[in-house]
Every structure is written in structure tokens, then in C-alpha cells.
Amino acid sequence: MQLVFEQIRAGGDRNFGYLLGDRDTRQAVLIDPSYSPELFVTRAEEQSLAVTHIINTHGHEDHVNGNATARALTGAAIAAHPACPSCPGVSIVDGGELTVGALCLRFMYVPGHAADHVTVYEPRHQILMTGDLIFVGKVGGTRTDEDARVEWNSLGRVLATIPDAATVWPGHDYGARPSSTIALEKETNPFLRCADVEAFLQLKRDWPDYKKRLGLK
Ligand SMILES: [Zn+2]
């Protein structure tokens, strides 16, 4: 197999989407093509890749709004959590897998930021697409303390499951760098350095002041 992996700036609110595939078998998936589905499909076509699935990390509008166009251009199935409003033809559940050429993508259900949120992991190259769960230096916003507690548990599962060496590819370019690793995030992401969920909730409340104090963007 030969990996194809592109991080694509989709527009919107610094949205990132991804093209992931196997050049040898000429199969690929699009992940959250959102605002620029034509651009993603063009990159696949230029490399003679057939798009088999359009994967959504979660159902927020800025991640699913390119689905209809991407689907019309490729005929690919939408793959997402069953609760995702994109009405997925292929259901992604915790522990589920999806074959793309010689690649096997693994999914984790990670609610908190959204009730239908999943991460996408490619274990052979240790590539983790985190959607809006983990950004470089931040985590996904939550509306309530209850959602934040759910997110804390999801983060804990990811950090306990995915190797430190895995690279991290978020759904938005919100950080000081466009990508990271699990090890780097454990070291530098203040939300992941919280000792417990109460500290995590407190940091969420204090975030604007915290950022200002440390000169973060
Ligand atoms: Zn979101």
C-alpha cells in the first residue's frame, strides 16, 4: 500500500478536512470536506483515487455542509455516527472499523463537544483525526458543565488508547501549529494537563483570562 494523506483548508472558520487513501488500490475517503467539497474531490481525481466514503467527525453544520456536493460528485456513502443529522448510510460506532484499500480506519465515540462525535484513527501510520474534540493546545467547546464532564471522559479514553507517538489532526486550525502529536498535547495542552475533571471545568470557565495571562491566542 502507499499512503495518501492530505490536510486541506476547507474555509469557513479555519476548518480543516482530510483526504486519506491508498494510492495502490486507488481508494480514498474524505473527512469533513465542509466548505470546499469540490477542492477535495479534485485532489482525489488528480491522483486517480475513487472516493468510497465521506466521513463526518460530527454533525455540526460547518463539518457536514459539503456532504451533498461531495456525494453528488463522487457517489460515495456518508459515514458518521447514527445520531449525526447527515443521515449516514454507513453507521460509525465505537470500536467500528472501515476498510479503505489496505488501510483500516478505527473509530472511537467521543461525545462532549457534540453528542454524535467520533475520532478517526489510522493505526498503521498512527494518524488520529480529532475533529472538534482536541485542537492544538485546546479542546472542543461545550455548552454545559454536564457536556464538559462527558468530554473529559472522552479525552481520557483517547489519551489512554491512542499511542503517544500518534499524530493529531484537528478539525480547525485554532492552534499555534496545524497539527500535533498525542505526546505534545499531553505536554502542552492545558486542558489535558488538568489533574481532574473539576480543574478541567474551572479552566473552561477561566479560559479567556488564562489565555490572556499566558499570552496564548
Ligand atoms: Zn463542532
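## What buried means here

A residue counts as buried when its relative accessible area is under 20%, and as partly exposed when it falls between that and 50%. Keep that in mind while looking over this predicted model.

## The zinc site

Four protein residues hand donor atoms to the zinc ion: His58 through NE2, His60 through ND1, His113 through NE2 and Asp132 through OD, at 2.2 to 2.3 Å. Along the chain, these donors follow the spacing H-x1-H-x52-H-x18-D. The angles between the four donor atoms run from 90 to 174°, so the arrangement comes out as irregular.

How accessible are two of these ligands? His58 has 0% relative accessibility, so it counts as buried. His60, on the other hand, is partly exposed at 31%.

Asp116 sits in the loop that links β8 (103-109) to β9 (118-122). It's buried but makes no salt bridge, and the nearest oppositely charged side chain, Arg143, is 9.0 Å off.

What does the Asp116 side chain have 3.1 Å from one of its polar atoms? That would be the backbone nitrogen of Gly59.

## Two loop residues with positive phi

Asp32 isn't a glycine, yet its phi is positive, near 50°. You'll find Asp32 in the loop between β3 (27-31) and α1 (37-46), and with a relative accessible area of 2% it is buried.

Gln126 also has a positive phi, near 55°, and lies in the loop between β9 and β10 (127-131). At 28% relative accessibility, Gln126 is partly exposed.

Terms used:
Residues numbered from 1 in each chain as written. Predicted model: local features only at pLDDT ≥ 70, side-chain atom pairs only at ≥ 80, totals over all residues. Heavy atoms only, no water. Donors = N, O, S within 2.8 Å, 3.2 Å for Na, K, Ca; no water. Tetrahedral: all angles 85-135°; square planar, octahedral: opposite > 155°, others 65-115°. Buried < 20%, exposed > 50% of the residue type's maximum accessible area, 1.4 Å probe, protein only. Helix = DSSP H or I, 4+ residues; strand = E, 2+ residues; numbered from the N terminus. Lys, Arg positive; Asp, Glu negative; His and termini not counted. Salt bridge = Lys/Arg side-chain N within 4 Å of Asp/Glu carboxyl O. Polar contact = N/O pair within 3.5 Å; in protein donor to acceptor, adjacent residues only side chain to side chain.
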